[in-house]
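Let's take a walk through this fold together, from the overall layout down to a few individual residues. Keep the viewer open as you read.

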Amino acid sequence: MAHALLRLLRQVGTTTSKGIVIRFPLRRKDIADIAGTTLYSASRILSAWERAGWLKTLDRRIAVESLSELMRIAEDENGRETAPLSS
């Protein structure tokens with residue numbers, strides 16, 4: 001999901017006072033299809049990210065308010081460590 005949103009932000013994102021906004025309306029089903037996941041999973045993840053304050057949905061447009069968190073999540077999805085493991 002994070003990778004799909006980052007790709008959309010790079011391709012069609014516009015920086016505004018509300019964050020980086022994807023310039024066209026997207027349904028959660030559209031995002032699920034782009035990310036290759038189910039509507040249920042996409043809705044659950046997007047809702048959690050909204051509650052965390054990382055993004056907002058404005059008239060079916062997504063505004064990412066915390067690009068750094070989205071990038072951190074994408075790194076975690078790749079299996080890279082974000083912090084060293086303690087022994």
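## The overall layout

Reading from the N terminus, the elements of the protein chain follow the order α-β-β-α-α-β-β-α. That gives four helices and four strands in its secondary structure. Please keep in mind that this is a predicted model.

The protein chain has 87 residues, and 30% of them count as buried. Among contacts in the protein chain with a separation of 6 or more, 52% are between residues 24 or more positions apart.

## The nonpolar core

What sits in the largest nonpolar core, and which residues touch the most other members? This core has 20 residues, and those touching the most other members are Leu 5, Ile 22, Leu 46, Trp 49, Leu 55, Ile 62 and Leu 70. At least two residues of this core come from each of helix H1 (2–12), H2, H3, strand S4 (61–64) and helix H4 (67–77). H1 gives the largest share, with six residues.

Setting aside residues up to four places away in sequence, Leu 5 touches Ile 22, Leu 46, Trp 49, Leu 55, Ile 62 and Leu 70.

## Where H1 meets H4

Next, have a look at the pairing of H1 with H4. The axes of these two helices come within 8 Å and cross at roughly 130°. H1 and H4 are therefore oblique to each other, and H1 passes H4 in a left-handed crossing.

On the H1 side, the residues are Ala 2, His 3, Leu 5, Leu 6 and Leu 9, and they meet Leu 67, Leu 70, Met 71, Ile 73, Ala 74 and Glu 77 in H4. Sorted by class, this contact of H1 with H4 has nine nonpolar, one polar and one charged residues. Leu 5 and Leu 70 take part in this contact, and both are also listed among the core residues that touch the most other members.

Asp 76 lies in helix H4 as well. With a relative accessible area of 36%, Asp 76 is partly exposed. Asp 76 and Ala 2 are 74 residues apart in sequence, and their C-alpha atoms are 9.7 Å apart in space.

## Where H2 meets H3

How do helix H2 (residues 28–35) and helix H3 (residues 39–52) cross? Their axes come within 8 Å, at an angle of roughly 110°. H2 and H3 are therefore roughly perpendicular to each other.

In this contact, Arg 28, Lys 29, Ile 31 and Ala 32 in H2 meet Leu 39, Ala 42, Ser 43, Leu 46, Ser 47 and Glu 50 in H3. By class, the contact of H2 with H3 has five nonpolar, two polar and three charged residues. Lys 29, which lies in helix H2, is partly exposed, with a relative accessible area of 38%. Between Lys 29 and Ser 43 there are 8.4 Å from C-alpha to C-alpha, and the two are 14 residues apart in sequence.

## Gly 13 in strand S1

Gly 13 belongs to strand S1 (residues 13–16). Is Gly 13 buried, exposed or partly exposed? Its relative accessible area is 26%, so Gly 13 is partly exposed.

Apart from its neighbours within four places in sequence, Gly 13 is in contact with Leu 8, Ile 20, Val 21, Ile 22 and Arg 23. The C-alpha atoms of Gly 13 and Phe 24 are separated by 9.1 Å, with the two residues 11 residues apart along the chain.

## Two positive phi angles

Finally, take a look at the backbone. Most residues other than glycine have a negative phi. Asp 59 is not a glycine, yet its phi is positive, at about 50°. Arg 60 also has a positive phi, of about 65°, although it is not a glycine.

Where do these residues lie? Asp 59 is in the loop between strand S3 (55–58) and S4, and Arg 60 lies in the loop between S3 and S4 too. Asp 59 counts as exposed, at 69% relative accessibility. Arg 60, at 47% relative accessibility, counts as partly exposed.

Conventions
Residues are numbered from 1 along each chain as its sequence is written. This is a predicted model: local features need pLDDT of at least 70, side-chain atom pairs count only at pLDDT 80 or more; totals for chains, interfaces and linings use all residues. Side-chain values use heavy atoms; hydrogens and water are left out. Axes are lines fitted to C-alpha atoms, for helices over the stretch in contact, and angles run from 0 to 180 degrees between N-to-C directions. Angles under 35 degrees count as roughly parallel, over 145 as roughly antiparallel, 65 to 115 as roughly perpendicular and the rest as oblique. Contact means heavy atoms within 4.5 Å. Ala, Val, Leu, Ile, Met, Phe, Trp, Tyr, Cys and Pro count as nonpolar, Asp, Glu, Lys and Arg as charged, and the others, Gly among them, as polar. A nonpolar core is a set of buried Ala, Val, Leu, Ile, Met, Phe, Trp, Tyr and Cys residues joined through side-chain atoms within 4.5 Å. Buried means under 20% relative accessible area, exposed over 50%, partly exposed in between (1.4 Å probe, protein chains only). A crossing is left-handed if the near helix is turned anticlockwise from the far one by less than a right angle, and right-handed if clockwise.
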